[in-house]
Amino acid sequence: MLLYQFRMGTNPRRVIIYLAEKGIDIPRYELDYANGEHRSVRYLGINPSGRAPTLVTDTGLAITDSAAIVEYLEERFPDRPMIGSDPLSRARVRSLERLGSDLVARGQLWLWNQTNAFPAKEPAPSQETADRISRYLSELLDILEKDIGGNAFLAGDEPTIADFTVFPIFQTARERFSLPFGEDHPRLDAWYRRFRLRPSADY
Ligand SMILES: N[C@@H](CCC(=O)N[C@@H](CS)C(=O)NCC(=O)O)C(=O)O
């Protein structure tokens, strides 16, 4: 297997953190984002969307979505399950994970407008647009804030793929762009700070 990644990319980090938590080592290929390697003919031949991550399996098939990669790896390596251990806990984790995916999508749109760092995505960033998207983000953060309750992790006492999905957008905003993502949600803020101490969260 070979994982194509951007080490600091929000979606790739869902897989990178999962692998570290799971204790699985997979050969990696670091795409050169600055020089547009993800748009090269060679990479587009592997993943026509030109996005990362991509997992190329031992049989040469390319899995081109971070959630699908994690689910595939969970099926290949079922020990120490990270999607829950019974139908109900899996349903809960997946619900949170999907909410997390929405949060990532909205968070990225916000970052494209809140910063000047993504000219290929948003050539004319607008503070007004960023502010509007920020309200859509808060809607999801409010749900997660209620949901986490007194739990250590988003879905309960143990880390799951829900944490690995949500954590990277916080980390991207806070560490790469020094933006106060989720700081007005005290439980999520505490969750983020706790999770950040885990070795899997290191860049
Ligand atoms: N749904 C996909 C989204 C992948 C994605 O958008 N990756 C970003 C990095 S976080 C990317 O490759 N961006 C480069 C581009 O779109 O040009 C997944 O979760 O894998």
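Predicted model: local features only at pLDDT ≥ 70, side-chain atom pairs only at ≥ 80, totals over all residues.
Reader: Okay, which residues of α7 does α5 meet?

Author: From the α5 side come L141, L144, E145 and I148. Sorted by class, the residues of this contact include no polar ones, with five nonpolar and two charged. Across from α5, the residues in α7 are R187, L188 and W191.

Reader: And how are α5 and α7 turned, roughly parallel or roughly perpendicular?

Author: Helix α5 covers residues 127–148 and helix α7 covers residues 186–196. Their axes are 8 Å apart, and the packing angle is about 75°. Angles of 65 to 115 degrees count as roughly perpendicular. That makes the pair α5 and α7 roughly perpendicular.

Reader: What about α1 and α6, in which hand do they cross?

Author: The axes of α1 and helix α6 (residues 161–177) come within 8 Å, at a crossing angle of roughly 130°. The two helices are therefore oblique to each other. As α1 passes α6, the crossing is right-handed.

Reader: Which residues of α6 take part there?

Author: On the α1 side you'll find T10, R13, R14, I17, Y18 and E21. The contact of α1 with α6 has seven nonpolar, three polar and three charged residues. The partners in α6 are I161, F164, T165, F167, P168, I169 and T172.

Reader: Zooming out, which helix gives the largest share of the side of domain 1 that touches domain 2?

Author: The domain assignment gives domain 1 as 2–76 and domain 2 as 87–201. Their contact takes 11 residues from domain 1 and 16 residues from domain 2. On the domain 1 side, α1 and α3 each supply at least two residues. The largest share, eight residues, comes from α1.

Reader: How far apart do the C-alpha centres of the two domains lie?

Author: Take the C-alpha centres of domain 1 and domain 2. The distance separating those centres is 20 Å.

Reader: Last one: which elements give two or more residues to the shell around the ligand?

Author: The residues around the ligand include F6, T10, N11, H38, R51, D65, S66 and A67. By class, this shell has four nonpolar, six polar and two charged residues. The elements that give two or more residues are α1 (10–22) and α3 (66–76).

Terms used. Residues numbered from 1 in each chain as written. Axes fitted to C-alpha atoms, helices over the stretch in contact; angles between N-to-C directions. Helix = DSSP H or I, 4+ residues; strand = E, 2+ residues; numbered from the N terminus. Parallel < 35°, antiparallel > 145°, perpendicular 65-115°, else oblique. Contact = placed C-beta atoms within 7 Å. Nonpolar A, V, L, I, M, F, W, Y, C, P; charged D, E, K, R; others polar. Near = placed C-beta within 6 Å. Left-handed = near helix turned anticlockwise from the far one by under 90°. Domains from an automatic or database assignment.
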